[in-house]
Amino acid sequence: MNKLLSDFTVGESGKIVKVTGEGKLRRRLFDMGVTPGAELTMRKKAPLGDPIEITLRGYELTLRKTEAACVEVELSGGEKQ
Amino acid sequence: MKTFALAGNPNCGKTTLFNALTGATAHVGNWPGVTVDKREGVYKFENKTKKGAKNGSENDINIVDLPGIYSLSPYTPEEVISRNFILEDRPDGIINIVDATNLERNLYLTTQLLETDVPVIIALNMMDEVEKSGDKINAQTLERALGVPVVEISALKGTGIKQLMERAVAMPAQRKGATVLKGALEKQLETACAYYENEGVSSPLFHALKLLENDEIELERKGAKAVLDEAAAGEDLEAVIADERYKFISGNLAGAKVRAKREGLTKSDKIDRVLTHRIWAIPIFLAVLFFIFHLTFSENLFFLNGFTESQGWMPSLVDLGLASEADGGVEYNNFGVEILAIFYDGAVFSPGVILTNFLNLFLDHISSGIVTLMENAGAAEWATGLIGDGILGGIFAVLGFLPQILTLFLFFSLLEDSGYMARIAFVLDRIFRRFGLSGRAFMPMIMGFGCSVPAAVNTRTLSDEKERTATIRVIPFFSCGAKLPILTAVAGGIVTAFGVGNSDLITYGMYILGVVAAIVCVLLMRNTSLKGETPPFIMELPAYHMPKFKNLMLHLWDKTKHFVKKAFTIIFASTVIIWLFSHLSFKWGYLPDGEMNNSILASIGMFLQPIFTPLGFGAQLGQFGWVFAVAAITGLVAKENVIATFTTLALCIGAYAGAGTEDGIEELSGLIAAITADTGISQGQFIAGLIAFIAFNMTTIPCFAACATAKAELPKGKFKWTLLFWLAASYVTGAMIYTVGAWWWTLFIWLAVIAAVTTFIVLRNIGKFDIVKIFKRRKKENKE
């Protein structure tokens with residue numbers, strides 16, 4: 001099942017299928033390792049619900065929900081933790 | 001001398017390695033045109049023979065520290081700087097420092113560096129931590145996969161550095177760029193490379209790949225767009241390239257890295273569970289902030305002397321009979337008591353205050369020593385005045401801030417280096433986005449409550465230039481430590497003279513006013529002159545680690561040097577000018593302190609007085625009203641001067657008969673009484689004018705030290721507009737407070753004006769957008 005990263009709940013993980021968005025934003029996502037094929041896990045939300053924190057390629061990355069909406073992820077395994 | 005560039009991701013230990021390599025030879029400057037630190041230093045090879053040491057400079061290596069970056073994209077100033085330096089200044093080699101604990105993302109930059117024709121060597125840092133976690137990385141396997149030397153080092157412990165530099169120097173001077181994308185994009189690369197080779201550019205491979213990545217800078221080249229269109233043929237190569245880079249890395253890491261089984265949470269995770277907790281994150285952060293300010297500014301450490309004045313139980317030095325009050329100041333019985341007063345006087349002081357007292361004691365003795373010396377030598381009164389009060393007084397007043405500025409800096413560097421600052425941005429981003437800023441803007445603003453100088457410097461953590469400019473401009477609205485005396489003195493004066501109100505409430509209200517003014521101004525700027533999208537917030541949350549003492553100290557030392565240099569140049573010149581104006585009459589004769597009301601400055605004040613009439617402290621205050629104008633001007637040097645000027649002038653015009661007091665409340669209430677008697681101004685109007693005066697001082701041009709810093713930190717050409725902005729903001733704020741305070745119905749006029757301005761801006765912003773859209777649609781329709 002595909003889902004936008006912005007709709008993830010804490011603990012869900014999956015494999016990136018597609019990165020949309022344009023120019024600067026997309027480039028930045030790529031540079032930080034958010035590329036199709038990469039696996040990620042949603043770690044937590046900030047106390048005010050936004051931005052979110054994900055684990056990806058062995059490190060912690062934070063991004064806003066609007067930015068996470070550019071990332072389409074194929075859900076896997078479901079909630080492990 | 002050979003030059004090597006040091007490149008790597010943020011938080012990979014680059015600064016530590018740089019410090020280890022260059023030691024005391026390092027110096028900090030700015031990259032041309034931008035406010036990004038440029039660090040340079042020299043690495044000296046040890047165990048040279050005595051003979052070699054003499055002309056050893058030939059073997060020394062110049063090290064240039066590039067900013068921490070994740071990629072060589074064209075979107076941030078840091079990336080562009082690094083890219084230009086590597087391609088245009090062509091260093092003899094790149095030392096690419098790679099964090100072994102985060103190999104995958106770090107090597108992404110490496111794959112791009114390898115595409116240039118510059119020799120590259122990889123410093124594999126933090127191997128000790130990798131081993132501690134049970135993982136294994138084989139440097140030889142990595143070296144084979146990447147085709148360049150890989151050396152294991154620990155920047156922290158200083159191991160492997162000599163070996164790194166030896167291998168770096170031994171690298172052949174020529175290298176041909178290599179890419180990991182040969183297989184995936186063979187055809188496209190051939191086309192693009194041919195184009196660049198034809199153009200005669202160095203590092204054609206690098207440029208070719210950037211072009212295929214749809215890179216803005218490359219597309220500016222004539223004919224590049226056509227080449228890209230031909231090569232890409234409509235395919236989205238940007239995603240393919242990024243993906244291939246990572247594929248190569250994970251493919252080759254499989255052989256180089258053996259991951260141990262992970263169990264449970266890392267230390268960083270555990271800390272994060274508390275510090276970014278859903279409920280506790282914000283209270284913890286507020287507590288941390290409180291302690292930082294408390295330890296820097298408090299004169300009642302840990303509330304040992306009770307929370308309120310009535311709870312106080314510690315005796316002051318005068319109570320103890322160790323000192324006596326004299327002439328509004330305190331005279332200590334002996335030098336020992338003077339030293340004691342650095343740490344304690346009626347309450348225990350915080351470290352920040354102790355350092356300040358210590359420095360001031362030292363500076364006071366120097367200045368009084370020089371003055372005594374001059375007096376004994378029979379120097380003219382004006383000369384001792386100029387040197388003692390004008391020059392030394394001015395410089396020392398600014399230097400006196402240094403301990404607290406540095407203490408604040410130290411705390412905030414600690415937060416930054418430990419990784420907590422990134423979490424604060426994470427927690428607060430939501431709130432700041434509403435105003436068109438990111439969570440990172442919070443720290444500089446809050447530092448403004450302490451001092452605008454470190455606050456403005458701290459805006460360097462903001463990557464977006466417009467966001468930085470807006471932040472620097474509103475920093476002075478966060479009332480700094482030196483503005484507090486203005487608040488308490490004027491508020492105290494109002495309460496004493498009129499017997500109404502509560503001075504704490506007025507002071508508190510003014511702080512709130514500053515914050516509101518800052519929010520309004522940011523919103524205004526982000527919608528007009530500094531329009532732009534909210535900068536993206538895609539940021540690494542680095543693992544927590546202990547800040548390194550050496551790095552902290554070197555950092556502080558840099559700041560000290562900068563500040564002292566400024567104190568002795570711009571600030572020095574300005575204080576001397578102000579002193580001269582306040583002690584010279586138009587006949588160029590010297591005036592002692594007591595006759596300041598005949599000085600050039602006073603004339604200027606009287607001339608400017610009517611300008612402040614709409615703000616309530618101008619012509620309506622009659623013949624003594626210029627005092628306020630003059631106080632506002634002297635406040636430009638340092639905000640402490642505002643109250644000092646009041647005191648001096650109140651004594652001059654005989655508004656207050658007693659000896660000077662330290663807080664200036666008595667003088668101000670005397671002044672208020674004198675003006676009321678002179679002009680018969682109504683109480684309501686006068687109070688409104690006085691509050692407008694505080695508000696004006698809070699939002700106007702800050703002190704010289706802050707101005708000098710702002711000028712250095714703002715993009716070129718923005719400083720004069722910033723000065724104008726401060727004047728306009730303070731004038732409007734003052735006028736609003738005065739008119740509404742004196743005649744409450746004017747509130748409706750102001751509201752109408754605000755509504756009109758808001759509507760205009762919104763309409764303009766939307767309207768503009770629509771016009772373009774409509775225009776485009778018409779064009780389309782016409783075509784069809």
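Analyst: A crossing is right-handed if the near helix is turned clockwise from the far one by less than a right angle, and left-handed if it is turned anticlockwise. Please note that the model shown here is predicted. In this model, α14(B) passes α18(B) in a right-handed crossing.

User: At what angle do α14(B) and α18(B) pack, and how far apart are their axes?

Analyst: The angle between α14(B) and helix α18 (residues 402-418) of chain B is about 155°, and their axes are 9 Å apart. Because angles over 145 degrees count as roughly antiparallel, α14(B) is described as roughly antiparallel to α18(B).

User: Which residues make the contact of α14(B) with α18(B)?

Analyst: On α14(B) they are B:Ile292, B:Thr296 and B:Phe297, and on α18(B) they are B:Gln404, B:Thr407, B:Leu408 and B:Phe411. By class, this contact of α14(B) with α18(B) has four nonpolar, three polar and no charged residues.

User: Let us turn to chain A. How many helices and strands are there in chain A?

Analyst: Chain A has two helices and six strands. Along the sequence, their pattern is β-β-α-β-β-β-α-β. The C-alpha trace of chain A spans about 35 × 30 × 20 Å along its principal axes.

User: How does one read a sheet, and in what order do the strands of the open sheet lie?

Analyst: Strands of a sheet pair through backbone hydrogen bonds, either parallel or antiparallel. Here seven strands form an open sheet with antiparallel pairing, in the order β1(A)-β6(A)-β2(A)-β3(A)-β4(A)-β5(A)-β12(B). The edge strands, each pairing on one side only, are β1 of chain A and β12 of chain B.

User: How many bridges join the strands to β6(A), for β1(A) and for β2(A)?

Analyst: Three bridges join β1(A) to β6(A), and A:Leu4 stands opposite A:Glu72 there. Six bridges join β2 (residues 13-19) of chain A to β6 (residues 71-76) of chain A. Within that pairing, A:Val19 has A:Val71 as its bridge partner, and A:Gly14 stands opposite A:Leu75.

User: Where does the sheet pass from chain A to chain B, and how is the contact between the chains made up?

Analyst: Strand β5 (residues 59-63) of chain A is joined to β12(B) by two bridges, and the two strands run antiparallel. One pair of facing residues is A:Leu61 and B:Glu540. Between the chains, 28 residues of chain B are in contact with 31 residues of chain A. Elements of chain B that each supply at least two residues to this side include α14 (281-297) and β12 (539-540). The side of chain B that touches chain A has 16 nonpolar, four polar and eight charged residues.

Methods:
Residues are numbered from 1 along each chain as its sequence is written. Chains are lettered from A and ligands numbered from 1 in the order in which they are written. This is a predicted model: local features need pLDDT of at least 70, side-chain atom pairs count only at pLDDT 80 or more; totals for chains, interfaces and linings use all residues. Two residues are in contact if their C-beta atoms, placed from the backbone, lie within 7 Å. Helices (H or I, at least four residues) and strands (E, at least two) are DSSP runs, numbered from the N terminus. Ala, Val, Leu, Ile, Met, Phe, Trp, Tyr, Cys and Pro count as nonpolar, Asp, Glu, Lys and Arg as charged, and the others, Gly among them, as polar. Two strands pair if DSSP finds at least two bridges between them. Axes are lines fitted to C-alpha atoms, for helices over the stretch in contact, and angles run from 0 to 180 degrees between N-to-C directions. Angles under 35 degrees count as roughly parallel, over 145 as roughly antiparallel, 65 to 115 as roughly perpendicular and the rest as oblique.
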